[in-house]
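Try each exercise yourself before reading its solution.

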Amino acid sequence: MSSASPRATLIEVAKLAGTSKTSVSRFFGPERDRLTPNLQTRIANAATTLGYQPNLMARGLKGGGSRLLGVLVADIRNPFSVAVVHGIEQAARTHGYSLIVCNTDNDPEQEQQHLRLLKSYQIEGLIINAAGQPEAQLQALKHSGVPLVLLDRDVRQLDVDVIGLDNALAIDMALDHLVRQGYRSILYASESPAYASTRQERLQRFNQQAEQLGIKSQTLILSNSAPDFETLTAFANYPESSPGAVLCANGNVTLAMARSFQQLGITLGQTGLMGIDELDWCELITPGITTLAQPTDDIGHAAVCCLLNQLNGSAQASAVRYRHAPRLQIRGSTTFELNF
């Protein structure tokens with residue numbers, strides 16, 4: 001029987017590159033810039049030839065820094081989560097970090113388990129899109145010196161940077177667009193806002209602005225993104241003088257409502273449909289679904305920058321809320337012409 005080739009060692013890389021063990025260690029750590037370009041090239045070539053991979057866990061345990069960042073998301077299937085993690089990975093890679101990504105499936109108990117796991121991996125920073133309110137564990141991580149950034153959702157009594165969409169602006173932009181398009185009745189559809197601060201902020205802003213603008217409004221809370229055909233059918237049967245539109249709180253709800261429109265035979269545009277979050281399929285459904293696209297790459301990059309600022313000691317003294325503006329993508333689902 002053949003056995004696997006032995007793992008190449010740092011000493012072997014140093015010997016092949018004609019340099020010291022210390023220089024190779026610096027090359028794979030945060031001090032790479034202290035080496036000359038020629039020496040960096042020799043070490044890189046030697047490592048490639050030998051198939052050498054640094055043991056990040058061992059380096060972290062020795063106090064040299066694991067170069068690992070933890071990312072904990074509430075629902076990896078959510079298109080927003082996928083897109084933001086892509087932005088985080090791009091930014092992390094640029095600065096020489098790798099990611100450990102965990103998914104909680106919106107389960108607070110699973111979230112607690114993943115937090116314990118990530119701590120054992122000696123992560124140098126954590127970006128968390130919270131499913132519950134794990135303030136006790138996050139406070140413990142913060143006090144142990146691990147930089148934290150909250151992604152999209154707040155955690156009570158936790159004073160750390162929060163990166164996400166400007167939810168108030170998103171609702172304002174959506175209502176402004178729908179009113180300009182002639183819609184006078186708006187149904188706001190959302191998943192349960194119970195544990196997600198983002199959903200709470202958007203729902204609260206919708207209620208405030210709808211009342212201020214004198215818009216006839218309704219709220220529909222979906223259970224497990226399941227449609228309420230009775231409510232939607234009644235809403236779609238509006239008088240011609242008062243056309244209605246459905247405003248969806250996120251991408252999951254937009255998908256559920258688009259399916260419901262098709263199943264009930266509701267014409268897009270005649271009854272408006274608009275969603276927060278840009279999804280790849282929105283432009284493919286005739287006549288296209290109007291969305292507010294989140295700048296997910298910018299949000300991901302900002303989250304990594306906040307962690308790095310904490311790591312190098314240049315973070316602001318108090319926590320900051322970084323709110324990014326959405327981009328309006330107008331399509332046929334919010335085009336309505338009144339006929340008198």
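**Ground rules**

This is a predicted model, in which local features need pLDDT of at least 70 and side-chain atom pairs count only at pLDDT 80 or more, while totals for chains, interfaces and linings use all residues. Residues are numbered from 1 along each chain as its sequence is written, and side-chain values use heavy atoms, with hydrogens and water left out.

**Exercise 1. The whole chain**

Task: Describe the protein chain by its helices and strands, its span along the principal axes and its buried residues.

Solution: 
1. Start with the helices (DSSP runs of H or I, at least four residues) and strands (DSSP runs of E, at least two), numbered from the N terminus. The protein chain has 12 helices and 12 strands.
2. Next, take the C-alpha trace, which spans about 85 × 40 × 40 Å along its principal axes.
3. Then sort by accessibility: buried means under 20% relative accessible area, exposed over 50%, and partly exposed in between (1.4 Å probe, protein chains only). Of the 340 residues in the protein chain, 48% are buried.
4. Finish with contacts, meaning heavy atoms within 4.5 Å. Of those between residues at least 6 apart in sequence, 68% join residues at least 24 apart.

**Exercise 2. An enclosed strand**

Task: Why is E8 largely enclosed by the rest of the structure, and which strands pair with E8?

Solution: 
1. Five of the five residues of E8 are buried, so this strand is largely enclosed by the rest of the structure.
2. Check the faces one at a time: Gly244, Val246 and Cys248 lie on one side, Ala245 and Leu247 on the other, and all are buried. In a regular strand, side chains alternate between the two faces of the sheet.
3. Two strands count as paired if DSSP finds at least two bridges between them. E6 and E8 run parallel and are joined by five bridges, with Leu247 in E8 as the bridge partner of Tyr188.
4. E8 also pairs with E9 in the parallel sense, over four bridges; here Ala245 has Gly272 in E9 as its bridge partner.

**Exercise 3. The neighbours of E3**

Task: Work out which way the residues of E3 point and how many bridges join E3 to strands E1 and E4.

Solution: 
1. Gly125 and Ile127 point one way from E3, Leu126 and Ile128 point the other way, and all are buried.
2. Strand E1 (residues 68–73) pairs with E3 in the parallel sense over four bridges, and Val71 has Ile127 in E3 as its bridge partner.
3. Strand E4 (residues 148–151) runs parallel to E3, with three bridges joining the two. Leu126 stands opposite Leu148 in E4.

**Exercise 4. Backbone angles worth a look**

Task: Find where Asn106, Gln122 and Pro287 are placed and inspect their backbone angles.

Solution: 
1. Most residues other than glycine have a negative phi, and most peptide bonds are trans.
2. Asn106 has a positive phi, near 55°, and is in the loop between strand E2 (98–103) and helix H6 (108–120). Its relative accessibility is 34%, so Asn106 counts as partly exposed.
3. Gln122 also has a positive phi, near 60°, and is found in the loop between H6 and strand E3 (125–128). Gln122 is partly exposed, at 33% relative accessibility.
4. The peptide bond from Thr286 to Pro287 is cis, with omega near 5°. Pro287 is in the loop between strand E9 (272–276) and strand E10 (290–293).

**Exercise 5. Two residues**

Task: Are Tyr195 and His324 buried or exposed?

Solution: 
1. Tyr195, in the loop between E6 and helix H9 (197–213), is exposed, with a relative accessible area of 60%.
2. Leaving out residues up to four places away in sequence, Tyr195 touches Ala131, Gln133 and Gln200.
3. His324 is in strand E11 (residues 321–324) and is buried, at a relative accessible area of 19%.
4. With the sequence neighbours up to four places away not counted, His324 touches residues including Ile163, Asp166, Pro295 and Ala302.
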